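This report is meant for a reader who is meeting the structure shown here for the first time.

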Amino acid sequence: MINLRQVSKTSTIFSVYRRLVNKPLLSSPRVKGILGFEHFFVQAKHIHTSKNTKNNEVKIIYSPKFLLHKSPRYHPERPERISETEAFLRSVPGIEWAEPSGCSSKDRIQTALDILKTCHRERYIEEVRELAQAGGGWIDDDTFVCLESYEVALLAVTAWFDAVDSVLKEKKPAFALARPPGHHATKYSGMGFCLFNNAVAAAKYAVEGGCERVFIFDWDVHHGNGIADIAEDMVNLRYCSIHELGNYPGTGRPDEKGKLGNLLNIPLQKECGWSSGFEEAFLNLVIPFMKDFQPDLVIVSAGYDALHSDPLGHLNLVPDDFRKMTALIKNEFGSNIMWGLEGGYDVTAIPQAIKCTLSPFLTNFESLPES
Ligand SMILES: [Zn+2]
């Protein structure tokens, strides 16, 4: 068995820095007791949603509350990943903006918690809550929990649920622009910047809502070991990951098919780009695995660390390659697609890449200025 802890996701960038500073986080002056949910709701800043949503073609679920999950300085998984994206995409026509339902509904938070308890060991979820309540700390070399992280992570799950609802109830593709990410979070623990497994929770939520077959496609540069760990017991879920061979966490070999045969791993060599490996794998392996399953819903674990400029990955995608993947999935499954943010650490490239991801559903995309 591979020791998942043997490789640090950010070993060359961040963990070294952290060991140098190594401040005892539990004595942080920010520790004043965890915010209760009441306070959390009162603090909610309602973001502006489009008044006329009739002509909007895709939905983005976003809240500034997602910025409250913070790791110590220089951590690559930082709030700007989504705040910069929000600022960039606000001017793009055809996008409806919505606040996560968990901002205003305690029932929705409870639903998230109930479904998470079927994804993770209940004690682990409690450990995250307790760590946050105590002011925060590290759960592994890479993964930090701050005072607000537990509540923000639950809110993120509701954003992924809302994206599912948008697809199933409104026939509108949707993007959960939320953090923290989740695809490394296993049954037993968070790791690799991930606390709760948003993608599997969303898949379970979709199944509870009547979906018979859900497909999770993970284009993050890292293998989603957490999704694979939980999904391998689920008969109504297939999971496919394209990732960089040898990168964190070291799992995702082609022979890891799961006991039900519902997992497909496609590791690519370093430096692979769209026309040098990625396209071929996508057309010859991913699409047939999807078509064979005929999913009611495609959930994309949308990480952007396969971009050539990403500091943690060594693949060579460009933003427009995400447009190609969405267009190919759209050709097969129409608008039955949602995306949720996983990794991606080049803050200047993520906004453009997400715009490209959505673009096959945006009528006016071609006339948009390039950035
Ligand atoms: Zn990643």
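What follows is a description of the chain, starting with its overall content.

## The chain as a whole

The model is a predicted one, and its protein chain comes to eleven helices and ten strands. Of the 371 residues in the protein chain, 50% count as buried. Among contacts between residues at least 6 apart in sequence, 77% join residues that are at least 24 apart.

## The sheet and its edge

Eight strands form an open sheet with parallel pairing, and their order across the sheet is β2-β1-β5-β10-β9-β6-β7-β8. Strands β2 (95-98) and β8 stand at the edges, where each has a single partner strand, so one side of each is left without a neighbour in the sheet. Neighbouring strands of this sheet are turned against each other by 15 degrees on average, direction ignored.

Is strand β8, spanning residues 263-268, mostly covered or mostly uncovered? Five of the six residues of β8 are buried, and the strand is therefore mostly covered, since a residue counts as buried when 20 or more other C-beta atoms lie within 10 Å of its own. Strand β8 thus has a single partner strand in the sheet, while being mostly covered.

Two packed helices are described by the angle between their axes and the distance between the axes. The table gives these values for two pairs of helices.

| Helix pair | Angle between axes | Axis distance |
|---|---|---|
| α10 (residues 319-333) and α11 (residues 350-358) | about 20 degrees | 7 Å |
| α6 (residues 149-170) and α7 (residues 198-208) | roughly 45 degrees | within 9 Å |

Helices α10 and α11 are therefore roughly parallel to each other, as angles under 35 degrees count as such. Helix α10 passes α11 in a right-handed crossing. On the α10 side, P319, D320, F322, R323 and T326 take part in the contact, and they meet Q352, A353, C356 and T357 in α11. By class, the contact of α10 with α11 has four nonpolar, three polar and two charged residues.

For the other pair, the angle makes α6 oblique to α7, and the crossing of α6 and α7 is again described as right-handed. Here A156, V157, W160, F161, V164 and L168 in α6 meet N198, A201, A202, Y205 and A206 in α7. The residues of the contact of α6 with α7 divide into ten nonpolar, one polar and no charged. An α-helix has 3.6 residues a turn, so residues three or four places apart point the same way.

How many of the eleven residues of α7 are buried? Ten of them are, so α7 is largely enclosed by the rest of the structure. The buried residues of α7 include N198, A201, A202, Y205 and A206, which are the residues that meet α6, and among the others are A199, V200 and K204. After α7 comes G210, whose phi is positive, near 115 degrees.

## Backbone details in the loops

Most residues other than glycine have a negative phi, and most peptide bonds are trans. Several places in the loops of this model can be read against that background.

The peptide bond from R179 to P180 is cis, with omega near 5 degrees, and P180 is found in the loop between β5 (174-176) and α7. The peptide bond from Y248 to P249 is also cis, with omega near 0 degrees, and P249 is found in the loop between β7 and β8.

Residue E271, in the loop between β8 and α9 (274-293), has a positive phi of about 75 degrees although it is not a glycine. With 12 C-beta neighbours inside 10 Å, E271 counts as exposed. Residue Q294, in the loop between α9 and β9 (297-302), likewise has a positive phi, near 50 degrees, and is a residue other than glycine. Q294 is exposed, with 11 other C-beta atoms within 10 Å.

Conventions
Residues are numbered from 1 along each chain as its sequence is written. This is a predicted model: local features need pLDDT of at least 70, side-chain atom pairs count only at pLDDT 80 or more; totals for chains, interfaces and linings use all residues. Helices (H or I, at least four residues) and strands (E, at least two) are DSSP runs, numbered from the N terminus. Two strands pair if DSSP finds at least two bridges between them. Axes are lines fitted to C-alpha atoms, for helices over the stretch in contact, and angles run from 0 to 180 degrees between N-to-C directions. Angles under 35 degrees count as roughly parallel, over 145 as roughly antiparallel, 65 to 115 as roughly perpendicular and the rest as oblique. A crossing is left-handed if the near helix is turned anticlockwise from the far one by less than a right angle, and right-handed if clockwise. Two residues are in contact if their C-beta atoms, placed from the backbone, lie within 7 Å. Ala, Val, Leu, Ile, Met, Phe, Trp, Tyr, Cys and Pro count as nonpolar, Asp, Glu, Lys and Arg as charged, and the others, Gly among them, as polar.
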